[in-house]
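Take a walk through this protein model. Keep the structure open as you read.

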Amino acid sequence: MSMGRFANSTDPRSGLEVVRDWNGVAQVVLRSPKGASARVSLHGGQVVSWRNDRGEDLLFTSSKAIFKPPDAMRGGIQMCFPQFGYSGTLERHGFARNRIWALDDEHPPINHNDNVSKVSVDLILKASEDDLKCWPHCFEFRLRVSLSKDGDLSLVSRIRNVNGKPFSFSFAYHTYLSVSDISEVRIEGLETLDYLDNLSHKERFTEQGDAITFESEVDRVYVSSPNVVAVLDHEKKHSFVIRKEGLPDVVVWNPWEKKSRTMVDFGDEEYKQMLCVDAAAVERAITLKPGEEWTGKLELSAVSSTNCSDHLDHPVSI
């Protein structure tokens with residue numbers, strides 16, 4: 001799909017549609033044969049919506065979100081690169097989520113069998129002159145977002161060093177999940193792991209619970225985590241199964257009541273309906289030599305809670 005087709009357009013054979021948002025920024029809509037959909041904005045390469053076949057959005061977007069570049073919208077899935085949080089000298093979560101990306105017409109294949117059961121869009125971000133002033137490294141960031149015929153969402157990021165010298169970065173898929181009631185939610189798969197507590201100056205603790213539950217603000221980086229994690233929503237009777245590859249950490253965040261009131265683009269009570277669970281590489285930076293490429297994969301599935309345990313044993317398929 002070429003950049004020249006930026007009028008609203010639909011390709012029924014591919015399940016892709018290109019539309020513009022109210023700021024004139026292009027968005028690509030992916031649709032599965034069974035009715036699921038995903039929407040990807042060229043502003044930040046951000047996944048702004050992921051709906052199941054009943055039209056329910058599985059990602060959270062704040063009712064007070066600011067939909068105006070250059071700032072990222074509060075919600076969806078944000079691309080945090082080359083920095084996560086305030087861990088370096090750049091703006092919070094890096095600049096990739098605030099830039100305008102391009103459709104990638106010359107994407108190299110990831111998996112030849114991929115196109116059989118998925119509809120996909122490929123985006124690319126390259127360093128601008130302004131980026132090079134604050135982070136002097138040339139890179140190519142290729143992102144493929146895919147929707148399977150069953151409505152599973154997958155993201156594959158490939159970051160290549162096209163610089164003459166090595167560089168290091170951190171990365172996260174900053175993922176806002178929509179939940180019924182945070183007090184009824186638990187995470188399985190992170191028990192017994194060490195985590196860095198951002199509310200205690202990144203002090204290291206060991207998770208003691210059988211599952212992670214929520215009754216106050218949480219901001220943690222679980223390190224050396226398994227590649228499959230589940231978020232169980234008791235009230236909705238479904239679970240999110242998160243599969244990842246190349247991303248050793250899981251960031252878990254909920255601002256709770258006090259911090260929610262300090263965020264202008266977040267409702268005072270909205271912490272009850274969201275949970276961030278981010279596949280990430282933040283504890284140890286990733287270093288690429290000239291010409292090297294790194295790949296980080298994420299797959300999200302929404303499954304009936306009764307079938308959740310079956311999915312925890314399945315490997316990443318993207």
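A polar contact is a pair of N or O atoms within 3.5 Å, where one must be able to donate a hydrogen and the other to accept it. Keep that in mind for the first stop. The model is predicted.

Start at Asp265. This residue lies in a loop, between helix H3 (256–260) and strand S20 (274–288). Its side chain makes a polar contact with the side chain of Arg74, at 3.2 Å. Is Asp265 buried or exposed? Asp265 has a relative accessible area of 13%. Buried means under 20%, so Asp265 is buried. Leaving aside neighbours within four places in sequence, Asp265 is in contact with Ser62, Lys64, Ala65, Ile66 and Arg74.

Now turn to the nonpolar residues. In soluble globular proteins, nonpolar side chains tend to be buried together. The largest nonpolar core here has 75 residues. Phe141, Leu153, Leu155, Phe169, Ile187, Phe214 and Leu275 touch the most other members. Strand S20 gives the most to this core, with eight residues.

Look at Phe141 in more detail. Not counting residues up to four places away in sequence, Phe141 touches several residues, including Met79, Phe81, Trp101 and Phe171.

End at Ser148, in strand S9 (residues 139–148). Its relative accessibility is 11%, so Ser148 counts as buried. Beyond residues up to four places away in sequence, Ser148 touches Ser32, Ser117 and Lys118. Ser148 and Lys34 are 114 residues apart in sequence. In space, they are 9.7 Å apart, C-alpha to C-alpha.

Note on methods: Residues are numbered from 1 along each chain as its sequence is written. This is a predicted model: local features need pLDDT of at least 70, side-chain atom pairs count only at pLDDT 80 or more; totals for chains, interfaces and linings use all residues. Side-chain values use heavy atoms; hydrogens and water are left out. Helices (H or I, at least four residues) and strands (E, at least two) are DSSP runs, numbered from the N terminus. Buried means under 20% relative accessible area, exposed over 50%, partly exposed in between (1.4 Å probe, protein chains only). Contact means heavy atoms within 4.5 Å. A nonpolar core is a set of buried Ala, Val, Leu, Ile, Met, Phe, Trp, Tyr and Cys residues joined through side-chain atoms within 4.5 Å.
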